[in-house]
Amino acid sequence: MPDKPLEILIVDDTPMNLVVLEHMLKRGDIAIRTAQDGQQALEMVEAHDFALILLDVQMPGLNGYDTARAIKESPRGAGVPIIFVTSIFQDLENVRRGYEVGAVDYLFRPVDAQMLRSKVNVFIDLRRQKALLEAEIAQRRRTEEALRRAEEKYRTIFERAVEGIFQCDLEGTFLEVNPATARLLGYDSPSELVGRPGMGLDILVDSEERRVYLEKLLRDGVVANREYQIRRSDGEHIWVSESSRLAEGPDGERLIEGVLEDTTESKKSALDLHYRATYDGLTNIPNRLLFFDRLEHALARAKRYGYGLAVLFLDLDGFKSVNDNFGHRAGDELLLQAAGRLRRRVRASDTLARLGGDEFGVLLERVTELDSVNQAAENMIAALVEPFLIGAAEFRIGVSVGVSLFPGDAEDASTLVSRADAAMYAAKKEGGNRLAFAESIPG
């Protein structure tokens, strides 16, 4: 005879959220029930034995925290795990408040379907194991054999969990880890980790992260979904997400209990998307979007601390002829080489960007004298007049440079770039391969 489906309660005042969560968790051995406010949820808890409750924070009448507190005070709800799912209350204070009223987890929308199913599956498995254990204990009248079996079954769940689960002291010495933690850190077994002094802190790539992590944990009691890099046994750096809390040991000592998840792939995807959105795909230097972003920040610093900056607008002379006569491949190679030469003439503290086509922008920060700007521009011109070798062919081009200065020419990013652009066109009209300042161009 098949097992009776376990019941999950989803509480949310938004019908669409109920539909989405129900769709995510739908499976044959689970019966999903829904409620749209706290009072309805309390009535359903009194009538059903739920294996898990997913609870929104913001609801009419009783909010999520009051509902959770009332559920925990009821005989049927006291032992039911509660997971908060919210799109609004995502600050640390609300996370801590969620744990204080008895939640086992606190998730932010949009919720990753695979992660949610994984977490729910753990509690479903726990509930089924608990039911089996209760049946055995009742049958064996709570004998020592039943308790031993209970420990073994819960240990099996701990050992087989996909997520890394650990307990350590405040100095970072692991007291207990499951096999998933060992695998995540690149070790063959938990025994290689347990008892090694300070290892839980030594694996952090950023030494400052150690201080911030402990400071936050000791201050707030919990760390929720904190993402950082750790060092595996083979030296590889990976990204993990940790949720942990302070716990009390058998002798009253403070311990850390937490869960680790490998987020390397998702982090790499996010970083890759950010890079592609802000860097030029051909030359691998910042694009127009990142250039303006850095210019805005540079202007804010310059206004705050009272120093100047310069914007250089560069346009290659003769590039169109190369592109038209020898094809886009030759044109792309020329742009790539030109970007490389310019990069070598720009300080690490400044920014070189491709603004589009054969146009480049340079941001010079902390400008104290005009001569330094003039020298930087002349160096760039000199770098680009040297012949370019592409395949067996040699090409000669030049560059027209327009310069605008803060605060003399403009005080906002758009106008600074516009005035530098106008100065560049003036230089090009004079025959190209020369420099013009915006102050000499009618604004």
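Tutor: Happy to! Helices (H or I, at least four residues) and strands (E, at least two) are DSSP runs, numbered from the N terminus, and the expected span of a helix is 1.5 Å times one less than its number of residues. This is a predicted model, in which local features need pLDDT of at least 70 and side-chain atom pairs count only at pLDDT 80 or more, while totals for chains, interfaces and linings use all residues. Residues are numbered from 1 along each chain as its sequence is written, and side-chain values use heavy atoms, with hydrogens and water left out.

Our part is helix α14, which covers residues 370-385. From its first C-alpha to its last, this 16-residue helix reaches 23 Å, close to the 22 Å expected at 1.5 Å a residue. Now for its buried residues, where buried means under 20% relative accessible area (1.4 Å probe, protein chains only). In α14 they are V373, A376, A377, M380, I381, A383 and L384. These residues lie on the same side of α14, because they cover an arc of only 160 degrees around the axis; the arc is that of the directions from the helix axis to the C-beta atoms.

What covers that buried set? Among the covering elements is a helix, α13 (328-344). Strands cover the buried residues of α14 too, including β11 (308-317), β13 (359-367), β14 (388-390), β16 (398-406) and β17 (435-437). Contact here means heavy atoms within 4.5 Å.

Conventions: Buried < 20%, exposed > 50% of the residue type's maximum accessible area, 1.4 Å probe, protein only.
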